[in-house]
Amino acid sequence: MTDRITVLGATGSIGRSTADVLSQHRDRFRVSALVAGQDAAGLARMARELGAEYAALADRSRHAELRAELSGSGIACGAGPSAVHEACSRDADLVVAAISGTAGLVPTRDALKPGRRVALANKESLVSAGQAFMAEAKRQGVPILAMDSEHNALTQALAAGCIEDVETLILTASGGPFRTWSSDRMAGATPAHTAKHPTYSMGAKINVDSASLMNKGLELIEAHHLFGVGPDRLGVVVHPQSIIHGLVQWRDGGVTAGMAVPDMRIPIAHCLGVERRLTIEVPRLDLAAIGSFTFEAPDEERFPCLRLAREALAAGGAMPAVLNGANEIAVQAFLDGRIGFLDIPAVVEETCRRRSGQGAAAPATIEEALALDGEARALAAELLQRREPSQLKIAAGASRSGERRPPRRV
Ligand code: MG
């Protein structure tokens with residue numbers, strides 16, 4: 001059996017790990033299409049290595065560069081939104097949706113076509129447009145496979161029983177590079193500090209989200225849509241060794257844990273293998289060498305982003321999309337050196353607070369989700385422009401000393 005695979009976000013960290021797994025099973029997989037954002041040389045190199053049929057770049061201005069890199073290879077290529085659409089439309093049995101951020105929404109939706117499976121690594125599809133996305137997958141009859149390590153571990157653990165018998169789903173968090181940092185120390189954190197993730201090497205955006213625990217908050221929202229479990233039955237525990245990725249607490253008190261060494265190739269291989277496991281070369285779990293597992297409750301005072309995500313999930317409607325849009329703007333401002341690390345939750349909280357008065361249903365389509373996302377980004381950007389970063393820091397400081405600020409409507 002040969003499966004045809006398309007990878008969206010091929011040159012990112014998930015895409016590169018996917019390429020590694022594919023290269024270990026050349027007989028089993030054929031690469032239909034690879035899609036990347038701007039990295040023409042990296043995309044061309046991967047397309048040649050994997051023998052892809054088609055390569056597409058989102059950035060139209062790099063079409064000539066990509067064509068030159070692929071000359072003589074016989075690999076067709078294109079650039080710009082129509083080329084990305086073409087890549088999504090080509091025949092494939094499985095599409096790996098790993099474009100990071102809201103930029104992944106439309107291509108991931110375009111990947112939902114009858115007769116294929118979608119392995120989802122783009123969180124934003126479920127955070128910003130969970131209802132619309134899952135409804136469209138159902139309408140097209142497309143199974144969604146969870147590629148995020150926590151959700152994949154939960155998928156594996158859930159195979160031990162019926163979803164109806166689940167009491168709680170628990171996601172683990174490594175705690176990120178600031179797990180033991182005080183709020184004062186975090187106030188001075190730089191993007192370089194967030195890049196020191198204890199267990200994974202990832203892109204800049206997700207590094208910041210992992211450090212703030214927003215990543216775990218987004219994953220709670222993701223889990224809600226993937227598994228149809230309500231917010232009150234979803235939990236988080238900090239587990240610095242990152243060996244247990246997710247736990248299912250059953251109604252009889254039994255617990256099933258999904259474990260593996262923290263290596264993204266393991267959940268990727270699980271998604272690519274479908275019914276049968278793939279043999280892959282990755283480090284094996286050596287429990288005696290690890291010695292002990294530790295756990296702690298997440299500290300939402302020091303990591304307000306987790307609380308904000310839980311609140312957005314509980315509020316439902318438009319709020320998860322607003323939270324996500326505001327977070328993307330705030331994280332970019334932090335990466336650009338325009339605001340401090342603790343300004344991220346301050347910007348997100350204020351954006352959510354201002355938007356919450358307007359009330360809105362959950363987006364029914366990807367287009368509605370994108371409109372809402374644009375609105376949240378504009379609001380967050382306006383807050384960043386109008387307010388001095390020092391004021392935002394004061395706001396974050398007030399909440400971390402335990403004061404309850406009254407909700408403001410401006
Ligand atoms: Mg994860």
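Predicted model: local features only at pLDDT ≥ 70, side-chain atom pairs only at ≥ 80, totals over all residues.
A residue counts as buried when its relative accessible area is under 20%.

Lys123 belongs to helix α6 (residues 123–140), while Asp148 sits in the loop between β7 (144–146) and α7 (149–158), so the contact ties together parts 25 residues apart in sequence.

The magnesium ion has Asp148 (OD), Glu150 (OE) and Glu219 (OE) as its protein donors, at 2.1 to 2.3 Å. Their spacing in sequence is D-x1-E-x68-E. Glu150, like Asp148, is buried.

The structure contains 29 salt bridges in total. Helix α6 contributes to another of them through Glu124, whose side chain meets that of Lys205 at 4.0 Å, N to O. Lys205 lies in helix α10 (residues 204–212), and the pair spans 81 residues. Glu124 is buried, with a relative accessible area of 6%. Lys205 is also buried, at 19%.

A further salt bridge joins Arg251 and Asp165, with the closest N and O atoms 2.9 Å apart. This pair links two loops, one between β10 (244–250) and β11 (255–259), the other between α7 and β8 (166–173), 86 residues apart. Arg251 is exposed, with a relative accessible area of 58%. Asp165 is partly exposed, at 26%.

Salt bridges with shared partners connect Lys123, Asp148, Glu150, Lys216 and Glu219 into one network. The magnesium donors Asp148, Glu150 and Glu219 are among its members.

How values were computed:
Residues numbered from 1 in each chain as written. Heavy atoms only, no water. Donors = N, O, S within 2.8 Å, 3.2 Å for Na, K, Ca; no water. Buried < 20%, exposed > 50% of the residue type's maximum accessible area, 1.4 Å probe, protein only.
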